Amino acid sequence: MFRSKLYKSQRECYDQQQKYTVVEAFDILKKMSHVKFDETVDVAFRLGIDPKKSDQNVRGAIPLPKGTGKKVVVAVIASGAQADDAKAAGAEFVGFDDLIEKIKGGWLEFDVLIATPEAMKQVRPLGRVLGPRGLMPNPKTGTVTDAVGEAVKGAKFGRVEYRADKGACVHVPVGKLSFTCEDLKENFDALLNALAKARPATAKGIYFISCTISSTMSPGIKISSKEIERT
């Protein structure tokens with residue numbers, strides 16, 4: 001497999017067979033050679049669940065205490081006072097029938113879509129457009145709510161969604177390389193605690209099987225099991 005000079009130089013910065021503490025991993029990432037843009041730092045967990053079983057779905061959303069470092073464009077489908085709340089909270093796009101029609105036509109220039117429970121009857125038919133892109137509002141992620149103002153603020157500040165894929169893995173961004181190691185660690189801990197609370201009651205055995213930390217353009221660094229153990 002072809003590897004770039006950048007990738008090869010990055011892999012020389014650490015022992016690929018060793019497992020590191022979370023802080024050590026962040027420190028290694030920051031010391032590597034990188035491209036010119038501010039890369040996103042990602043965390044990947046492999047969980048001890050069976051994603052084929054409906055009672056073992058792991059999905060939710062949390063606000064990261066130090067934010068994501070990303071500008072988030074928010075669209076809200078609401079009317080009346082709730083639409084006013086969304087605008088006041090900083091949502092870039094707010095509407096109801098007009099916004100629904102735009103989305104039906106293929107317009108998707110937003111990162112998060114929030115809708116009131118009242119609006120979901122009209123929003124559900126948009127599932128074919130929104131679903132594959134991970135934009136469909138969902139109560140579990142806090143994007144179907146009457147408290148649209150708070151939802152907008154959460155999305156703007158640094159709310160991230162997590163969802164186990166078919167391989168029982170969860171991939172979540174926890175900040176930017178420009179963050180301090182301490183801030184990245186605080187975001188990591190918030191994510192780890194949220195995933196621990198989301199553990200399905202029917203999941204048996206080891207829940208956090210493995211964890212890897214990487215940046216947008218870097219190889220992954222393995223994390224010690226002691227760092228992610230939860231009873």
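Colleague: What do the side chains of K185 and D189 form?

Modeller: A salt bridge, 2.9 Å from N to O. Bear in mind that this is a predicted model.

Colleague: How are K185 and D189 placed in helix α8?

Modeller: They sit four residues apart in α8, residues 181-197. That separates K185 and D189 by about one helical turn.

Colleague: Buried or exposed, or something in between, for K185?

Modeller: K185 is partly exposed, at 22% relative accessible area. D189 is also partly exposed, at 26%.

Colleague: Which residues do salt bridges with shared partners join into one network?

Modeller: K66, D183 and E186.

Colleague: Switching topic. How many salt bridges does a search of the whole structure find?

Modeller: Nine.

Colleague: What about E92 and K71, how far apart are the closest N and O atoms?

Modeller: They are 3.5 Å apart, and the pair forms a salt bridge. E92 is in the loop between α3 (80-88) and β4 (93-95), while K71 is in the loop between β2 (59-63) and β3 (74-77).

Colleague: What does E92 form with K156?

Modeller: A salt bridge, with the closest N and O atoms 2.2 Å apart.

Colleague: Where does K156 fall on accessibility?

Modeller: K156 is partly exposed, at 25%.

How values were computed
Residues are numbered from 1 along each chain as its sequence is written. This is a predicted model: local features need pLDDT of at least 70, side-chain atom pairs count only at pLDDT 80 or more; totals for chains, interfaces and linings use all residues. Side-chain values use heavy atoms; hydrogens and water are left out. A salt bridge is a side-chain nitrogen of Lys or Arg within 4 Å of a carboxyl oxygen of Asp or Glu. Helices (H or I, at least four residues) and strands (E, at least two) are DSSP runs, numbered from the N terminus. Buried means under 20% relative accessible area, exposed over 50%, partly exposed in between (1.4 Å probe, protein chains only).
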